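Here is a short briefing for a first look. Please look over the sequence and the fold, then read the points by topic.

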Amino acid sequence: MTNQTTLPRACLLVAEAAKHAGLDVEIRLMDASTRTAEEAAAACGCEVGQIVKSLVFQGKESGKPILLLVSGANRVKENAVARAIGEKIVRPDADFVRDKTGFAIGGIPPLGHSQPLETWFDKALLQYAVVFAAAGTPNAIFAVDPEKLLAASGGKAIAVHD
């Protein structure tokens, strides 16, 4: 168990955001990388589907950041997401992602961003009793009930693939 005061600054921001959103989570620093869904599942000893991928896209017309919280077992079908959210999405560059979230790709958490993000939640995550999300760095995670994460993120549940 990691002492919360020894966490990196990025993780402390996530812990505070989680607390503010009513989530009681313990951020764990893992010995192995949790940068990819496969690495995170191996480190956590869970199914790949239980990993929450926090993916930032950009609205093609609006230019606004759009956060997709996606099951590690799923690939985003951009056309399906566009139909669900009412706007085509494009993949932004790493600078856009860091600017809009405050975090680097590989450790983007589902909450605690530098600005509010329109958030969409993969319905597939709701089949699990617990899911694991990034906590601000490539080796930090936290476990959470997906229903509670959906509520805390302010997201709307959609299918991210056909």
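This is a predicted model: local features need pLDDT of at least 70, side-chain atom pairs count only at pLDDT 80 or more; totals for chains, interfaces and linings use all residues.

Residues are numbered from 1 along each chain as its sequence is written, and side-chain values use heavy atoms, with hydrogens and water left out.

**Largest pocket**

- The largest pocket holds about 420 Å³ of space. A pocket here is an open set of points on a 1 Å grid over the protein atoms alone, where a 1.4 Å probe fits, with protein on both sides within 12 Å along at least five of seven lines. Its volume is the space filled by probe spheres set on the points, which are joined across faces, edges and corners.
- The lining has 25 residues, and Arg35, Ser54, Leu55, Ile105 and Gly106 are the closest to the pocket centre. Lining residues have an atom within 4 Å of a point.
- α2 (37-44), β2 (51-59), β6 (131-134) and β7 (140-144) each supply at least two lining residues. Helices (H or I, at least four residues) and strands (E, at least two) are DSSP runs, numbered from the N terminus.
- β2 gives the most to this lining, with seven residues.
- The lining divides into 16 nonpolar, six polar and three charged residues. Ala, Val, Leu, Ile, Met, Phe, Trp, Tyr, Cys and Pro count as nonpolar, Asp, Glu, Lys and Arg as charged, and the others, Gly among them, as polar.

**Cysteines**

- How many disulfides are there? The count is zero, where a disulfide is a pair of cysteine sulfur atoms within 2.5 Å.
- The closest cysteine sulfur to that of Cys11 belongs to Cys44 and is 13 Å away, so the two are too far apart for a bond.
- Cys44 is in no disulfide either; the sulfur of Cys46 is the nearest, at 4.9 Å.
- Cys11 is buried because its relative accessibility is 0%. Buried means under 20% relative accessible area, exposed over 50%, and partly exposed in between (1.4 Å probe, protein chains only).
- Cys44 has 15% relative accessibility, so Cys44 also counts as buried.

**Helix α3**

- Ala80, Val81, Ala82 and Ile85 are buried in helix α3 (residues 78-85).
- The buried residues of α3 pack against β3 (65-71), β4 (89-90), β5 and β8 (156-158).
- Gly86 follows α3 and has a positive phi, near 85°.

**Side chains that reach backbone oxygens**

- Thr119 sits in strand β5 (residues 118-122). Is Thr119 buried or exposed? Thr119 is buried, because its relative accessibility is 7%.
- A polar atom of the Thr119 side chain lies 2.9 Å from the backbone oxygen of Leu117. A polar contact is a pair of N or O atoms within 3.5 Å; within protein, one must be able to donate a hydrogen and the other to accept it, and residues adjacent in sequence count only if both atoms are side-chain atoms.
- Beyond four places in sequence, Thr119 is in contact (heavy atoms within 4.5 Å) with Leu67, Leu69, Ser153, Gly154, Gly155 and Lys156.
- Gln50 lies in the loop between α2 and β2. Its relative accessibility is 12%, so Gln50 is buried.
- The Gln50 side chain reaches the backbone oxygen of Val130 at 2.9 Å. Val130 is also one of the contacts of Gln50 beyond four places in sequence, along with Tyr128, Val131 and Phe132.
- Gln58 is in strand β2. A polar atom of its side chain is 3.0 Å from the backbone oxygen of Gly63.
- Beyond four places in sequence, Gln58 touches several residues, including Gly63, Lys64, Ile66 and Phe96.

**Two further residues**

- Gly59 is in strand β2 and is buried, because its relative accessibility is 2%.
- Gly59 contacts Lys64, Ile66, Glu87 and Lys88, leaving aside neighbours within four places in sequence.
- Ala43 is in helix α2. Its relative accessible area is 25%, so Ala43 is partly exposed.
- Leaving aside neighbours within four places in sequence, Ala43 contacts Met30, Ser33 and Thr34.
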